Amino acid sequence: MITIDSINDWFVQNFGALTLEQVKGWFIYNPEEKLLFNTGLFLGLFLVFYFVYAFLRKTFYLRLTYVILFSLFFYYKSSGIYFLLLLLSSVVDYGLSQIIYNESVKTRKKIYLIISVILNLGLLGYFKYMNFMIVTYNDMFHGNFELHDIFLPVGISFYTFQSMSYIIEIYREEIKPTKNYIEYLFFVSFFPQLVAGPIVRAKDFLPQIYQKLNLTKADVNNALFLIIGGLIKKTVISNYISVNFVDRVFDTPMSYTSFENLMASYGYAIQIYCDFSGYSDMAIGIALLLGFKLPANFRTPYKSVSITDFWRRWHISLSTWLKDFLYISIGGNREGTFAGFLFPSLFFFGLLLWGITNSAESIIPLVIAVGGIVVFCLSFLLSSKLKQTMVTNFNLFTTMLLGGLWHGAGAQFIIWGALHGLALAVHKIFVELFPSKKESNGLSTIWKFFSIVLTFHFVVFCWIFFRAKDFDTAIQVINNIGQLTFEPDHWQTIILGYKNVFLLMLFGYVWHFLPEVVTAKMKLIFDKTPLIGKAIVLGFVYWIVYATAVAGSQPFIYFQF
Amino acid sequence: MNTKSYFFQSFAIVALAFVAFIGFKQILPDKIFPESKVDSKNVLVDSLLLESFEKESVSKKGDSADADKQAQQNIVFNSNEGIEFPSETFDDYKGYQYLISFYDKLYQLEKHPEAKVRIAYYGDSMTDGDLIVQDVRNNYQERFGGTGVGFVSISSESSASRASVKSLSSKNWKAQSYLNVKKPLSPFGVNGHVFFANDKSNTTWVSYEAGLSKFATSLDNPTLYYGKSSKSGKVNFIIGKDTISKNLAPNNLVNTIKVTSKSVKGFKANFVHADSIPIYGFNFDNGRGVHVDNFSQRGNSGMPISIFDANVMQSFNANLKYDLIILHYGTNVLNYGTKNYSWYGKGMTKAVNKIKASFPGVSILIISTADKSTKYDMQMKTDSAVVPLVKAQKRYALETESGFVNLYTLMGGDGSMVKWVDEVPARANKDYTHFNQRGAKAIGGLLYEQLNKGYEQYKVLREKREAGIKKGKTVRKTNTDSMSVINDSVDE
């Protein structure tokens, strides 16, 4: 017989005894436990939220307010009191956007735009780059300014860019402003993409607010398929290989063999893809469950045949944002501007200085510095349209430098951006000098394969700088890989030692490189599965996430050869 | 129908999935990734550790009841040369009393700057790459003088990560380590390793270059240490453009050859026809002040020290004259799923006794394991084995009359490793076990601080004694072995 007690016992057995403290913990900000999509707490909260949301589907302002409140709570759970910052900046941005829209004098419009850009970037700059600037200044001029004790509010880079897109699009008269503040706040604070993107553009999102809310079976299928994939990518592949292998090697590369360093580099490439794209997919999927369609953010980027292609497939919402609002603003491929020339010049000057100061110890830094400058200059000197190519390349390089810096305050991100900027320039001149012939035969297949391998390896090489905690560590990893010798039996021992990690890496890469026909087939089968079957599949994925989360970390292995 | 709203079906799927998850949780195993034991000759494992764990883990239960009683009991020290540190509790045990001979040597050094004091720091992967040790060394050399990094092996798994001295060696050395070899071809050196230049067709070489440490910007008095053999051999030292050729005369248990009496930036040593001669390494010191040797060996539990050859060690000691031996271990015995460490205590007691036999009269300091975190229910917390291990380490420190540093409480106690890892900038690595450069520097500072606190206290006590002597005569004791709680002295 089922009694209250037996139900209670079953509950305690499966979920543990519930205390008032725990329930409080669900609703109070805890810096150690962020509310991520892949946590059990989010699932629980979302279930309750979603149930009510379904009933509100036919209302408008009630529904918007309801989502806003949940979004603010979601943000509060991630950043505590800083949800007020989100509110404050949205009030200011909304006010400025109204002024810009209503202002008819072009120059005044521009002044308000500049004020808003300065405010937004100033906010981002303070929270994200203040300490970096102090450290850089102290290092360069032997200053000793105190560091500020700054908390980096979660997602500030994303929502700042999002509100900037709104204002700039109003300035460019590409969109009309929202009717009121509630609608605007809904756009800025929409929780699926609030903390980690994708960066949703006002012109893509705002029209959806005014449409009649609708959710079809196909939408739900797409959403669940994205969420399942995202959960596996983010929590299983990315988290497991980073904690159990990649982090360890990048912490102290010299304590590991060359092969382990190489594998950690490949491992990081799949880790960061699964991390970024997995979280994006979950965000897009959750937004879709609420009836909002966000654009795709990643399209199997390691299948790219060139670095230009890579940037059309990697973090698309960021690269289009940078293209539309940074690259075009500083002149694009039309004209050279002061800003467009400033940053690359500063960078190459710094590079040269670094080469000269280190030339006493080794000639290599100087060779790299001069080499980099020569390659960059050749990328437009060899072009038939010299002036235009030069302008384009400088503006592109600026975009990549600043885009690199957007990922984090650190020299390694600047280097990462510079490498990509240089590669883009080189690829452009290569295409101009050796235009591809439009014929498909065996040779072009081989050429395509070769291009993919080359692009992939260049990207992996750049990730080393992106991941390493500083420049020296990156050089250690690269030097260590340089000493790799062909010793298959050693490799086998290492692979067996980290069996789980290597299996997951393999799984990640195989999944990534699966032909689209196969993924489409999988999707088709999923679509045809009955409702209950989908629930079981999703439940099984929940279990995988849970089991991975509780899995202990792999003990240390020291190899000696 | 395509246009019909699908919200409630959508909700149903997500909710039913939750029910399915509860079902899966009931029937499926808890862990998704099997923890496979790696079994291979290429993995570095302490063989003595495995043996004694297997032998002892079956036999008996722990003695936790005794330990609780012990915790608050007073430990009263008997005076040594008229100096007696105040009594301590087991909980708080530091054992400065047993470091008196080391403190005395430091005191002499402070009075006579041309004197010298030498410390051997044995450790596991925590001290790889000279982490922690270089910071202890810097602290001592800053205050008491001395330059040089001390004794350096021919090669080690971690030499690439060492910045205080750069060393490279050819791949054709035959190396044996006390970690996994019980009966070496020739006895192990003070570093626990022995190397042979057995390759007859190619030269076997090693080169050293001074690193960037504040007190080791050059290699002072580089001296080769090698052992006994029936054959003789040759070694060519290359300094810049000069080559100095020397004969190896392996007549004694331990022999030395000075490369040069000058301070050099770097040199290379080519061994020719030196097969079967045990080569140990090079010593770099300026002959005055404090010198600290780093004998790190990743994977080590500390127990392999018990297989040292005491005679060979005494010969090393005749040259190097150690005043303090530090044993910093524990990390590698945390992952054995046990909380009963009596087997480890036994093994380490043997190791400490071997140290005593090898370096007569030396002070010994035991450093406990640091905090280490493990995942419990999705959260990283202090591993449940840490506290029992620290207790066991404290016990054998006390029983063998060694000083003790509780590194676990020193770095912050429960949950401190999580903090050190999460801090910005981080002070420990994501493995929740090892410190990074920044953290190691902090640890080195904390260790020095505790040792120095004892030294300052020693100086006060010493002054009191001097004052006492002026008043009347003191009782002189010849033996230090006496303690009121436990009297357990083991002799080999």
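Predicted model: local features only at pLDDT ≥ 70, side-chain atom pairs only at ≥ 80, totals over all residues.
## An exposed glycine in chain B

Is B:Gly337 buried or exposed? There are 9 other C-beta atoms within 10 Å of B:Gly337, so this residue counts as exposed, the cut-off being 12 or fewer.

As for its place in the chain, B:Gly337 sits in the loop that runs between β18 (324–328) and α7 (342–358) of chain B. B:Ala385 is 48 residues away along the chain, yet the C-alpha atoms of B:Gly337 and B:Ala385 are separated by 7.8 Å.

## The five-stranded sheet

Chain B also has an open sheet of five strands, ordered β5-β8-β15-β11-β12, with antiparallel pairing. At the edges you'll find β5 (165–169) and β12 (242–248) of chain B, each with pairing on one side only. Going from one strand to the next, the twist averages 20 degrees.

Zooming in on one pair, β11 (residues 233–239) and β15 (residues 266–272) of chain B run antiparallel and share five bridges. One residue to look at here is B:Phe237, whose bridge partner in β15(B) is B:Ala269.

## Two helices packing in chain A

Over in chain A, helix α11 (residues 217–251) packs against helix α22 (residues 499–513) at an angle of about 145 degrees, and their axes are 10 Å apart. The crossing of α11(A) past α22(A) is left-handed.

Which residues in α11(A) meet α22(A)? They are A:Val236, A:Ile237, A:Tyr240, A:Ile241, A:Asn244 and A:Phe245, and on the α22(A) side they meet A:Val501, A:Leu504, A:Met505, A:Phe507 and A:Gly508.

Technical notes
Residues numbered from 1 in each chain as written. Chains lettered and ligands numbered in written order. Pairing = 2+ DSSP bridges. Helix = DSSP H or I, 4+ residues; strand = E, 2+ residues; numbered from the N terminus. Axes fitted to C-alpha atoms, helices over the stretch in contact; angles between N-to-C directions. Left-handed = near helix turned anticlockwise from the far one by under 90°. Contact = placed C-beta atoms within 7 Å. Buried ≥ 20, exposed ≤ 12 C-beta atoms within 10 Å, placed from the backbone.
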